[in-house]
Amino acid sequence: MAPADGEHALRALTEKLGPEINTPPAQEMFQKFGGWERTLRRFLRGAGGHIHHASTRFLSTLKWRSENKVGELDQELWDQARPHWPAEYPGFTTDGSPVQYCRVQRINPRFWLSSFREEQMEKFMVQWVELGVELQRKSLEANRGDVRGVVVIYDLKDISRQHLELRGIRVLAKIFGTIEKHYPENLYRAYILNTPYYFAFSWKILSRVLSAETNRKVVVCRDNCEKRLAEVMDPADIPAVLSSVPPPTK
């Protein structure tokens, strides 16, 4: 069976899109994602090799990026929200994929929900994802490896139930849905660490907006998950990544 993003599928998608791939919005997206071929292959894999679905999704994403000015940083929003987003991109996997680490305990859901509208939260998170996309491109240019996507780590150590309140989870699910739709195959692996028993209900909500393929990339652990992280990272780098965002000061 031919791969979903094989040469035949790539040619077919290119022909299906026609002149659209030469428009400025398309060229801007290709530049962001590391080239036209890498970009189209991601849309093909995300569509399971189905040319029509890949084309429709690509055009929808082009329109979404243009309408929401995704390529332009909203500096005011970034400056307001970034100090309250306890995450970093502290390293890379062995294949050059950037690694994000987020210490969820330091998020104040009530502050976010009272200080920002839902569309502002989504816009900030899209800008954060765009940073990860940019790091992938730079890693490719530096010849670090295949760069299969971004690895995201969410550390739930010492969280409380307020971090998983239903309203916040629903907003997060909506944001995840947008990212899932417009950044196909951007996720290499996701690790959710130190999960309390009551996380199961929240995960049922969040996992519903993700495709079956994305769900297969998610690893949920009751501990630091270091053995699984070592499958994609140099074990010597893991301690520094897991301490890149300190816990709240007491």
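Me: What makes strand 3 and strand 4 a pair, and in which sense do they run?

Reply: Strand 3 and strand 4 share six bridges, in the parallel sense. Two strands pair if DSSP finds at least two bridges between them, so six bridges qualify. Strands are DSSP runs of E, at least two residues; helices are runs of H or I, at least four; both are numbered from the N terminus. This is a predicted model: local features need pLDDT of at least 70, side-chain atom pairs count only at pLDDT 80 or more, and totals for chains, interfaces and linings use all residues. Residues are numbered from 1 along each chain as its sequence is written, and side-chain values use heavy atoms, without hydrogens and water.

Me: What makes strand 5 a partner of strand 4?

Reply: Three bridges join strand 5 to strand 4 (residues 187-193), and the two run parallel. Y191 stands opposite V219 in strand 5. I192 stands opposite V220 in strand 5, while Y154 stands opposite I192 in strand 4.

Me: Why is strand 5 called an edge strand?

Reply: The open sheet has five strands in the order 1-2-3-4-5, with mixed pairing. Strand 5 (218-220) and strand 1 (87-92) each pair on one side only, which makes them the edges.

Me: What makes strand 4 largely enclosed?

Reply: Six of its seven residues are buried, so the rest of the structure largely encloses strand 4. Buried means under 20% relative accessible area, exposed over 50%, partly exposed in between (1.4 Å probe, protein chains only).

Me: What makes the unit of strand 3, helix 8 and strand 4 right-handed?

Reply: The term applies if, with the strands pointing away from the viewer, the path from the first strand over the helix to the second runs clockwise. Strand 3, helix 8 and strand 4 make such a right-handed β-α-β unit.

Me: Which cysteines form a disulfide, and what makes it one?

Reply: The sulfur atoms of C221 and C225 are 2.1 Å apart. A disulfide needs two cysteine sulfur atoms within 2.5 Å, so this pair passes. Both residues are buried. A search of the whole structure finds one disulfide.

Me: Is E134 buried or exposed, and how do you know?

Reply: E134 has a relative accessible area of 18%, so it is buried. E134 is found in helix 7. In sequence, E134 is 102 residues from K32, yet in space the two are 6.3 Å apart, C-alpha to C-alpha.

Me: Which residues of helix 4 are buried, and what do the buried residues pack against?

Reply: A54, S55, R57, F58, T61, L62, W64 and R65 are buried. Partners of the buried residues include helix 1 (7-17), helix 2 (24-33) and helix 7. Contact means heavy atoms within 4.5 Å. K69 follows helix 4, with a positive phi near 50°.
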